[in-house]
Amino acid sequence: MISRFAALIVLLAPLLGASAARAQNADGTWLTQAGDARVKISKCGGGICGHIVWLREPYDTSTGQPATDNKNPNPALARRPMIGLPLFSGMQPSGPSKWSGQIYNADDGSTYASSISLTSADSLRVEGCVGALCGGETWTRTGR
């Protein structure tokens, strides 16, 4: 009886390990909580990177041109397109299924201390802080 149980564990262990490894992987495309942008997350360096790949409103309504990073206080950066805009910098592992670094907020042109936690295979908690004030939202994996 014990040898059958041991054999079953040996057979199931790779399957359980693969499931856990997949759950820790943030790679993929994520829809923001408001549903107004999709962000592609991929490995880069020893951490992760994320950039905008889709916008619900990809054009500036006042100009009819593709949306730009017009809230950025740096005039050279304010002209860069929103599609392709990098959001994360220095996002390094800080625990199981968790990364910490900086996140860029295109709504106000500022960068904030941030943490990202994979709360399930299809749910990502993105948080940012300015001093003691913190906020966050939950993103949903798309395209599975």
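This is a predicted model: local features need pLDDT of at least 70, side-chain atom pairs count only at pLDDT 80 or more; totals for chains, interfaces and linings use all residues.
Which residues form a negative surface patch? Good morning, colleagues. The residues in question are D36, E57, D107 and D108. A patch is made of residues with over 30% relative accessible area and no salt bridge, with like charges joined within 9 Å. A salt bridge is a side-chain nitrogen of Lys or Arg within 4 Å of a carboxyl oxygen of Asp or Glu, and Asp and Glu count as negative.

Residues are numbered from 1 along each chain as its sequence is written, and side-chain values use heavy atoms, leaving out hydrogens and water.

Let us turn to the overall fold. The protein has two helices and eight strands, these being DSSP runs of at least four residues (H or I) and at least two residues (E), respectively. Of its 144 residues, 29% count as buried, that is, under 20% relative accessible area with a 1.4 Å probe; exposed means over 50%, and partly exposed lies in between.

Now to D36, a member of the patch. D36 sits in the loop between strand 1 (28–31) and strand 2 (37–44). With a relative accessible area of 36%, D36 is partly exposed.

Finally, consider P81, in the loop between helix 2 (75–78) and strand 4 (88–95). P81 is partly exposed as well, at 48%. Leaving aside residues up to four places away in sequence, P81 touches A67 and T68, where contact means heavy atoms within 4.5 Å.

Conventions
Patches are made of residues with over 30% relative accessible area and no salt bridge: like charges are joined within 9 Å, nonpolar side chains (Val, Leu, Ile, Met, Phe, Trp, Tyr) within 5 Å. Accessible areas come from the Shrake-Rupley method with a 1.4 Å probe; for residues, only the protein chains shown count as cover. The place of a charge is taken as NZ of Lys, CZ of Arg, CG of Asp or CD of Glu.
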